[in-house]
Amino acid sequence: MTEVLRSALQHVQQREVERRDVLRLLGMSAAATAGLPTLTQFASAQDVALASAVIAGKSDDLIVHNDRAGVMETPLAMLREHRITPKDILYIRNNQILEPQGRSTDGASLEGWTIELRGAVAFPRVVDATTLADLPQEEVTMVLQCSGNGRSFFARAVQTRGTQWQHGGMGQVTFRGPKLSSLLETFDPPLNPSGDVRFVTAEGADAPDEGASRPDFEHSMPMQDVMDKAILAIEMNGEPLSGAHGGPVRLVIPGYYGTMNVKWVHRLRFEASESNNVNQIPRYRIPNDPIEPGTPIDYTFDNSTPNWRQRIKSTIFAPLNEAQVSAGDVEVHGVAWNDGVVGVTEVQISTDDGQTWHAAELEAPTGGYGWYEFRSTVNLPAGEHRIWSRAVDERGNAQPINGAILWNPSGYEWNGADYVDVVAS
Amino acid sequence: MSTLRRVLYAFFIAALLTPAVAQEGALPAGPGAELVYAKCQQCHPLRYVTESAGLPDFLWADTISLMVQLGMQVTAEEEELLYSYLTTYLGMNPPPEPAENDAVAAVSNVDPVQAYATNCSACHGADGAGQAGGFPPIVGHASQLAQADRDYLVNLVLYGVTGPITVAGNDYNGMMPGWSHLSDDQIAAILNHVVADLDPSADLPGGLTPYTPEEIAGARGAGLDANAVYESRPSLP
């Protein structure tokens, strides 16, 4: 291992220990901190509402980051219990919430919902959402992941701005609905966006708070991917799509980060340019070339890319961080995924901080957009150990050992190699 | 990590926080801390601020302007104070040692009008009329609550409240954080001001006796939370 890598690892290790302890202390119950009155008080000042009080039907075991518009994370111990993440524990990240249906995991009704199509189309149309159920249905099992997932780990280098997600701003779900391209084909004359359309911009029915000067939330995606992949999801996990997760209709683009999967979609614009809405630029972007951690960047369309296709990533489900394990053979289990454009070919495991790696067994998902499950056995003598996982795909993309090399001010798209610290005895 | 190391870390963190924490607040005491409590918790829990400790200065500046775009109402002076507080106390470098009489200065000579304006008006309005949907009116409402159950308002301010309520036929479903970082004097002064319908010259209605700092002190440490306070809300006619 080079000196540079060794020192980077050391730095990462040190920051992580400090951070973890602060987080644990913040999360400690009053009873656990009874001997530490100052800390109990500190914790009590941090209270937020329970998940079910923010969005009815959500499990109170979720980590609530924001109890106003609703931002909540799934602890890994819950996430790993299900192949398909149930709606009561699936993470939520709302910039704005559509009242009242966003406040409930109940299925939302298609009755009365419309989607407007406009821009460079033959002529603008308004689609009655109930007709979506009559079109050929497409089903996709895929990883839904907030582009901020893992943001807290950037603080190993320099703190970044936004919700301090750990691992659980993601889940695996099955969406169902017609492809957007199928809808466009039903029009007579066909509503074929003209050749100079390069982007589709999606708007949800949610709106900014009163008094905000910021424009409404919207995102643009490349036309080609939208035509190839996007579905107008009306079901999730075999049920009508819940209001909490964007129902009755959500634009879903498999392989893309969660934010691009616009909830409560009610307008699609077919345009030659990417939107210059604040949520398209400068928010939700990453630099094309790495920048020094802690330094600013003025985003332009040319020097940056929106949070579109998910970076390759792996997450260790077992053992969990700080687990006590029996010395000897220990089973390592987790999931890996990427943008689904090519396959994940390998997940590598290391127990010597990256000096040597071995390949785990890998089980590919159906369809390519879901979790690749990996399993491996490592032999751990008694003592403290760090177990690393690193995914590699067909294009040779691999997770960086030090994820901070992709540092960006808002901490998007963390995909550093994952690790857990365990004690074997 | 061993139990011993955990405990050591606990005391390490406690040592970092204790000198800087006024009352039960989560923010290090310093010029501008009150403004952070007052402005930032309107839209998100305070943890977004405390968990962001260590942000580079440019990102704090950027964050403030982002929040203004999102609807935060601040004057130019307030914006400057927020920036100076956040970069000094939650910036990349450790915060300065607190001055010895910081806490003392904060509790003496409370001006209730000023205290209400700083801490309450952003949500409940300068005139106490509230905001449709989110935050109920103070005028004509706080005094009713105080008369029904005087302890309720004390707990409300200390621990916050969350849950749907109806006041004078209007529904509200905002979320009020706890304000336990304020001093006993400040909370008593604010409560007396609000039950008098924000009229500094008015007597307290319905034979209410003024809230006292001792009364506030006595309610601290009850360990309630916003849900428990909601459950205890008196029903009004």
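Author: Let's begin with chain B: of its 237 residues, 38% count as buried. Buried here means that 20 or more other C-beta atoms, placed from the backbone, lie within 10 Å of a residue's own; with 12 or fewer a residue is exposed, and in between it is partly exposed. Keep in mind that this is a predicted model, where local features need a pLDDT of at least 70 and side-chain atom pairs count only at pLDDT 80 or more, while totals for chains, interfaces and linings use all residues. As for labels, residues are numbered from 1 along each chain as its sequence is written, and chains are lettered from A and ligands numbered from 1 in the order in which they are written.

So how confident is the predictor? The complex gets an ipTM of 0.81 and a pTM of 0.82. Chain B has an average pLDDT (the predictor's confidence in each residue, from 0 to 100) of 83, and 84% of the residues score at least 70. Within chain B, helix α1 (residues 3–17) has the lowest confidence, with a mean of 44, while helix α5 (residues 76–89) has the highest, at 96. The pLDDT stays below 50 over residues 1–24 of chain B, yet that stretch has 34 contacts in the model beyond near neighbours in sequence. A contact means two C-beta atoms, placed from the backbone, within 7 Å.

Chain B has 13 helices and four strands. Across the divide, 13 residues of domain 1 of chain B touch nine residues of domain 2 of chain B. On the domain 1 side, five of them are nonpolar, five polar and three charged. Nonpolar covers Ala, Val, Leu, Ile, Met, Phe, Trp, Tyr, Cys and Pro; charged is Asp, Glu, Lys and Arg; the others, Gly among them, are polar.

Now for chain A, which has six helices and 25 strands. Of its 425 residues, 49% are buried. One open sheet has five strands in the order β5-β4-β14-β8-β9 (chain A), with mixed pairing; strands pair if DSSP finds at least two bridges between them. Strands β5 (125–128) and β9 (218–222) of chain A sit at the edges with a single partner strand each, so one side of each has no neighbour in the sheet. Inside that sheet, β8 (residues 199–204) and β14 (residues 265–271) of chain A are antiparallel, joined by six bridges, and Val200(A) faces Phe270(A) in β14(A).

There's a hairpin to find too. Strands β1 (residues 63–66) and β2 (residues 71–73) of chain A run antiparallel and share three bridges. Asn66(A) has Val71(A) as its bridge partner. Four residues lie between the strands, and Gly70(A) takes a positive phi near 100°.

Last stop: Ser182(A), in helix α5 (residues 180–185) of chain A. Ser182(A) is partly exposed, because 16 other C-beta atoms lie within 10 Å. Leaving aside neighbours within four places in sequence, Ser182(A) is in contact with Leu135(A) and Pro136(A).

Technical notes
Helix = DSSP H or I, 4+ residues; strand = E, 2+ residues; numbered from the N terminus.
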